[in-house]
Amino acid sequence: MYPTEFTPYLSFIGGIIIGISAIWLMLFHGRIAGISGIVKTALFQEDGRVWRILFVVGLVLGGAIGFHLTGFSFSYREGFPLYLIIIGGLLVGLGTSMGSGCTSGHGVCGISRISPRSIVATIVYLGVGIIVATLTSSMFL
Amino acid sequence: MKKNLSALIAGTVFGFGLIVSGMSNPDKVMNFLNVIGQWDPSLLFVLGGAVITTFIGYRFVLKRKTPILDSEFFLPTNTVVDKKLLIGAALFGAGWGMTGFCPGPAITGLAFGVLEPVVFIISMSIGYLIMNKLSTK
């Protein structure tokens, strides 16, 4: 596993920026900024597809802008088994669909609304995430 | 038109935040979740910054009768903690812990032009497709 630097200030500022986006989406659209929900709805529902796709395009655009402004380039993981990405992606698709949310929808927006469902979901996915990441890191990396 | 532009801006700000926070780096996520490795607690600060900001912002925004560009607020109405929520959250946690990717950072990661986010998103979309087929049966 590649070590990463502890970045409390940048991470906190990045969190504030994410929060501003969540507020924006509620103020202008009346919507929760839940990425899994936005992607899933864009895939299967014609109504409101355009703005959802543009939100997703924005995520990539923001990534590109961020990359150029900050110069953050991440060491992509050579030798990380691709089948883990395939299985993990599938689990994230199934899980966020069943559990109606991911880190953004439950973790940021839901907790901010003090939603009991989101608080429980966040505790569960963090707990399972810690167990699986710890096992994965010691077995594969 | 206004709605589409506004959504593009919101997405761009979100993606920018993911980069600045470090959350788009799967190594950083893995080092946060892997508690016996070289623990990097940065992600707690991402979540803290985002929740504090959103919590305060929502207090003001939700005092309005309607959002600016739509006729109503679309808030989840389900408040029951059920089996589906628990199993779903557990499956999501497993996929997140296994890869270091959740949906937002994976999409933002497309900006880097590397393979992992592409594979992850295709796989995740297949997951959505399966659930969609099951739920419409």
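Analyst: Chain B contains six helices and zero strands, where helices (H or I, at least four residues) and strands (E, at least two) are DSSP runs numbered from the N terminus. Read along its sequence, chain B follows the pattern α-α-α-α-α-α, and its C-alpha atoms fill a box of roughly 50 × 40 × 30 Å along the principal axes. This is a predicted model, in which local features need pLDDT of at least 70 and side-chain atom pairs count only at pLDDT 80 or more, while totals for chains, interfaces and linings use all residues. Residues are numbered from 1 along each chain as its sequence is written, chains are lettered from A and ligands numbered from 1 in the order in which they are written, and side-chain values use heavy atoms, with hydrogens and water left out.

Turning to the interface itself, 108 residues of chain B are in contact with 107 residues of chain A, contact meaning heavy atoms within 4.5 Å. The size of an interface is often given as the accessible area lost when the parts come together. Here the area buried between chain B and chain A is about 9,800 Å², with carbon and sulfur atoms giving 76% of it; buried area is the accessible area (1.4 Å probe) that two parts lose on being put together, summed over both. On the side of chain B, Phe14(B), Tyr58(B) and Tyr128(B) lose the most area to chain A, together 8% of what that side buries.

Across this interface the rule finds 25 residue pairs in polar contact, both residues being at pLDDT 80 or more; a polar contact is a pair of N or O atoms within 3.5 Å, and within protein one must be able to donate a hydrogen and the other to accept it, with residues adjacent in sequence counting only if both atoms are side-chain atoms. The elements that give two or more residues to the side of chain B that touches chain A are helix 1 (2-21), helix 2 (26-33), helix 3 (42-61), helix 4 (83-99), helix 5 (103-108) and helix 6 (115-136) of chain B. The largest share of that side, 18 residues, comes from helix 1 of chain B. By type, the residues of the side of chain B that touches chain A divide into 65 nonpolar, 32 polar and eleven charged, with Ala, Val, Leu, Ile, Met, Phe, Trp, Tyr, Cys and Pro counted as nonpolar, Asp, Glu, Lys and Arg as charged, and the others, Gly among them, as polar.

Side chains of opposite charge can pair when their charged atoms come close. A search of the whole structure finds three salt bridges over all chains, a salt bridge being a side-chain nitrogen of Lys or Arg within 4 Å of a carboxyl oxygen of Asp or Glu. Across the interface of chain B and chain A the rule finds one salt bridge, in which the side chains of Arg117(A) and Asp82(B) meet at 3.6 Å, N to O.
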